[in-house]
Each structure stands twice: as C-alpha cells, then as structure tokens.
Amino acid sequence: MNPQQMEQMGQFRITVWEEENFQGKRCEFMLECQNIMERGFQKIRSIKVENGPWVGYEYPEFQGQQFILEKGDYPRYEAWSGNSSYRTEHLLSFRPVKCANHSDSKVTLYDCQDFQGRKFEMCDDYPSLQAMGWCNKEVPSIKINSGAWVAYQFPGYRGYQYILERDRHQGEYRNYTEYSTQAHTNQVQSIRRIQH
C-alpha cells in the first residue's frame with residue numbers, strides 16, 4: 001500500500017492533547033497540522049500515535065527541533081525527546097512521514113559536502129556509526145536512496161534528531177544545514193530507519 005492510499009484510508013492517525021498525561025483539550029488528525037494554535041490550542045503536551053510515523057516540531061510551520069513520533073503513547077515531553085540533549089516541553093506543528101518503509105530503506109553518508117569524498121552505504125540501523133567503520137563524528141552530506149531515517153547527534157540514538165526522507169529534497173541533503181531548520185552541527189553518530 002502506497003502512502004497516498006494509506007492517507008486516504010486513514011492510515012495516518014495521531015491524537016494530541018494540550019496538557020500532559022492525556023489531559024485537557026484533545027483533537028485527532030489524519031493530515032498534517034502546520035500550526036496547532038490555529039485550532040484553538042496553546043501547545044501540545046501529550047500525544048498518541050495510532051497509525052503511521054509522524055514528525056513533531058517545536059514551532060509552527062514545521063520549524064525548529066524535530067522529534068520522531070512512531071506508534072505509541074507520549075504522555076510527556078520526555079517520551080518524545082528521549083535522550084535528546086535538546087528538550088522542548090511542547091510541540092506546535094506535526095506531519096506524517098509518508099515515505100517510511102522499514103523493509104526497504106537505503107541511505108548513503110558522505111564525508112564531504114555535496115556528496116563528495118568517501119561514502120558509506122547502509123540499509124540497517126546503526127547505534128554507533130564509528131563502531132561500524134565510519135571514521136568521523138561528522139556527516140556533511142547524506143543521500144536518502146529509499147525510505148525515511150532519523151539521524152542522531154550522538155551514539156545510542158541520543159542528541160538532536162534529524163528526520164531525513166526520500167520524498168523531501170529529493171532525498172538529497174547536500175549540507176548539514178538542510179537536515180533541519182535548527183541544525184547547528186554536522187555531527188551525526190547514529191542513524192536508524194523510521195518504523196511504520
């Protein structure tokens with residue numbers, strides 16, 4: 001089933017609450033929301049993802065730090081920020097990740113900008129890129145050949161999160177500043193496929 005069929009059949013479903021622990025005002029979505037404040041919410045402080053992977057953003061219009069939201073419950077911000085070195089206690093926009101395909105994902109890392117230098121192809125999760133043979137703490141450019149991935153600043157899936165998708169930027173992230181609107185560094189030390 002392709003992402004458009006999934007969307008038409010309600011395969012992307014997320015419920016958000018204004019307060020922690022699934023309290024206060026709530027609303028269910030099957031499509032993206034560019035600004036939760038336009039729906040009468042002040043913020044999102046708890047989430048249930050019922051279908052499909054989603055990405056939540058710190059600010060409206062899909063800006064700020066990104067947080068992957070896979071199927072499950074997120075009663076407080078610690079659940080979506082996890083081991084992140086960056087914490088935000090609320091989200092203000094979110095959208096589905098339509099190209100996630102856990103069984104068919106491939107990414108290529110490059111040790112220079114613009115897909116130059118040594119490259120490293122992978123199709124599996126890597127909690128430590130250095131342990132798997134990548135010589136640097138930095139990844140200056142990334143090409144998503146298929147699927148969707150979340151790259152992390154530190155080993156063990158910790159630190160800033162960068163959601164990298166085949167259907168955004170044509171899967172081409174020529175410079176680390178394209179990883180996110182808040183990408184402050186090209187430091188990427190772990191990466192995994194997004195679950196769908």
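1. How many bridges join strand E1 to strand E3? Five bridges join strand E1 (residues 13-19) to strand E3 (residues 46-51), and the two run antiparallel. Strands, labelled E, are DSSP runs of at least two residues, numbered from the N terminus; two strands pair if DSSP finds at least two bridges between them. Within this pair, Trp17 has Ser46 of E3 as its bridge partner.

2. On the basis of this note: the model is predicted, so that local features need pLDDT of at least 70 and side-chain atom pairs count only at pLDDT 80 or more, while totals for chains, interfaces and linings use all residues. Residues are numbered from 1 along each chain as its sequence is written, and side-chain values use heavy atoms, with hydrogens and water left out.

3. The first point belongs to a wider arrangement. An open sheet of four strands has the order E2-E1-E3-E6, with antiparallel pairing. Strand E2 (23-29) and strand E6 (72-74) stand at its edges with a single partner strand each, so one side of each is left without a neighbour in the sheet. On average, neighbouring strands of this sheet are turned by 15° against each other, direction ignored; the axes are lines fitted to C-alpha atoms, and angles in general run from 0 to 180 degrees between N-to-C directions.

4. Another open sheet of four strands has the order E9-E8-E10-E13, again with antiparallel pairing. Its edge strands are E9 and E13, each of which pairs on one side only. E10 and E13 are joined by two bridges in the antiparallel sense, and Ile142 has Tyr173 as its bridge partner in E13.

5. Six bridges join E11 to E12 in an antiparallel pairing, with Trp149 opposite Leu164 in E12. The hairpin of these two strands has three residues between them, and Gly156 there takes a positive phi near 75°. E11 also pairs with E14 in the antiparallel sense, over four bridges; here Tyr152 stands opposite Ser190 in E14.

6. The largest nonpolar core holds 20 residues, of which Leu109, Met122, Leu129, Tyr179 and Ile191 touch the most other members. Such a core is a set of buried Ala, Val, Leu, Ile, Met, Phe, Trp, Tyr and Cys residues joined through side-chain atoms within 4.5 Å. Strands E8 (106-112), E9 (116-122), E10 (141-146), E11 (148-154) and E12 (158-165) each supply at least two residues of this core, and the largest share, three residues, comes from E12. A second, separate core of 19 residues includes Val16, Trp54, Phe67 and Tyr77.

7. Rings of Phe, Tyr and Trp (its six-membered ring) pair if their centres lie within 6.5 Å; planes under 30 degrees apart count as stacked, over 60 as edge-to-face and the rest as tilted. Tyr162 and Tyr179 form a tilted pair, 5.6 Å centre to centre with 55° between the planes. Tyr162 lies in strand E12 and Tyr179 in the loop between E13 and E14, so the pair ties together parts that are 17 residues apart in sequence. Tyr162 is buried at a relative accessible area of 0%, and Tyr179 counts as buried at 1%.

8. Ring pairs also link Phe12, Phe29, Trp54 and Phe94 into a cluster. Trp54 is found in strand E4 (residues 54-59) and is buried, with a relative accessible area of 0%. A polar atom of its side chain lies 3.1 Å from the backbone oxygen of Asn51. The C-alpha atoms of Trp54 and Ile68, 14 residues apart along the chain, are separated by 6.2 Å.

9. Finally, Gln189 lies in the loop between strand E13 (172-173) and strand E14 (190-193). Gln189 is buried, with a relative accessible area of 6%. Its side chain reaches the backbone oxygen of Gln153 at 3.4 Å; a polar contact is a pair of N or O atoms within 3.5 Å, and within protein one must be able to donate a hydrogen and the other to accept it, while residues adjacent in sequence count only if both atoms are side-chain atoms. Leaving aside neighbours within four places in sequence, the residues in contact with Gln189 include Pro127, Leu129, Lys137, Tyr152 and Phe154.

How values were computed. Buried means under 20% relative accessible area, exposed over 50%, partly exposed in between (1.4 Å probe, protein chains only). Contact means heavy atoms within 4.5 Å.
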